[in-house]
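Colleague: I am new to this structure and would like to learn how to read its aromatic rings and helices. Could we go through it together?

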Amino acid sequence: MMAGDSRYRNFINLINTNKHEFALRIYAFIVLAHWAEHLVQAFQIFALGWPRPESRGVLGHWFPWLVSSELMHYLYALFMLVGLWILRKGFVGRSYKWWMASFAIQFWHHIEHFLLQLQAILHTNFWGSPVPVSILQLFYPRVELHLFYNTIVFIPMAIAMYMHLFPTKDEEAHYQCTCAIK
């Protein structure tokens with residue numbers, strides 16, 4: 001076994017046992033902050049009546065390139081996917097099933113962002129679109145679609161975390177972390 005493999009396995013073991021609660025808190029904070037940006041953007045459009053190009057959320061207001069960067073969106077989608085994957089081993093029973101449901105949805109969301117990033121790299125828009133477009137974006141506007149994606153990834157993730165905090169006795173017997181609230 002190579003030293004890098006050992007370090008990776010030790011890291012995965014650590015964040016799914018002793019540091020699972022800490023890792024989940026950081027991950028959840030980042031996910032909630034990103035989701036909040038989508039909610040603010042939707043509020044700017046639908047409640048304040050701002051034009052879509054000017055509705056960039058909070059951070060996008062100060063750093064407009066964040067909203068228009070396909071690379072940044074792709075890297076976030078990849079971060080979400082990797083985070084869901086590496087933190088999965090800390091979950092057991094019902095919470096594991098919900099966590100993996102979130103992973104499956106995020107996998108598709110990642111594919112959509114991959115297609116957007118690919119179009120940006122190739123400087124070629126698919127399906128005759130004047131701008132980079134994902135598959136479901138052919139049917140739904142981008143702001144609404146990505147707010148929807150982030151919501152449907154977050155809901156099973158939140159259910160998984162709740163069930164993880166309040167496991168059944170049988171589930172708790174299989175825990176390797178200290179996340180359960182007693």
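**Reading rings and helices**

Modeller: F91 and W99 are both buried. Keep in mind that this is a predicted model.

Colleague: How many aromatic pairs does a search of the whole structure find?

Modeller: The search gives nine aromatic pairs. A pair of aromatic rings is described by the distance of the centres and the angle of the planes. One of the pairs is Y27 with F79, which is tilted, with 5.6 Å centre to centre and 45° between the planes. Y27 belongs to helix α2 and F79 to helix α5, so this pair ties together parts that are 52 residues apart in sequence. The rings of F91 and W99 have centres 4.2 Å apart and planes at 20°, so that pair is stacked.

Colleague: Are Y27 and F79 buried or partly exposed?

Modeller: Y27 counts as buried because its relative accessibility is 3%, and the cut-off for buried is under 20%. F79, at 33%, counts as partly exposed.

Colleague: Which residues form one aromatic cluster?

Modeller: Y27, Y76, F79, F91 and W99 form it. Y76 is also among the buried residues of α5.

Colleague: What span should the 17 residues of helix α5 have?

Modeller: At 1.5 Å a residue, α5 (residues 70-86) should span 24 Å, and its end C-alpha atoms are 24 Å apart, which agrees.

Colleague: Where does H20 lie, and which residues does H20 touch?

Modeller: H20 lies in helix α2 (residues 20-46). With 0% relative accessibility, H20 counts as buried. Leaving out residues up to four places away in sequence, its contacts include F91, L87, H164 and C177.

How values were computed
Residues numbered from 1 in each chain as written. Predicted model: local features only at pLDDT ≥ 70, side-chain atom pairs only at ≥ 80, totals over all residues. Heavy atoms only, no water. Helix = DSSP H or I, 4+ residues; strand = E, 2+ residues; numbered from the N terminus. Buried < 20%, exposed > 50% of the residue type's maximum accessible area, 1.4 Å probe, protein only. Contact = heavy atoms within 4.5 Å. Expected span 1.5 Å × (residues − 1). Phe/Tyr/Trp six-rings, centres within 6.5 Å; stacked < 30°, edge-to-face > 60°.
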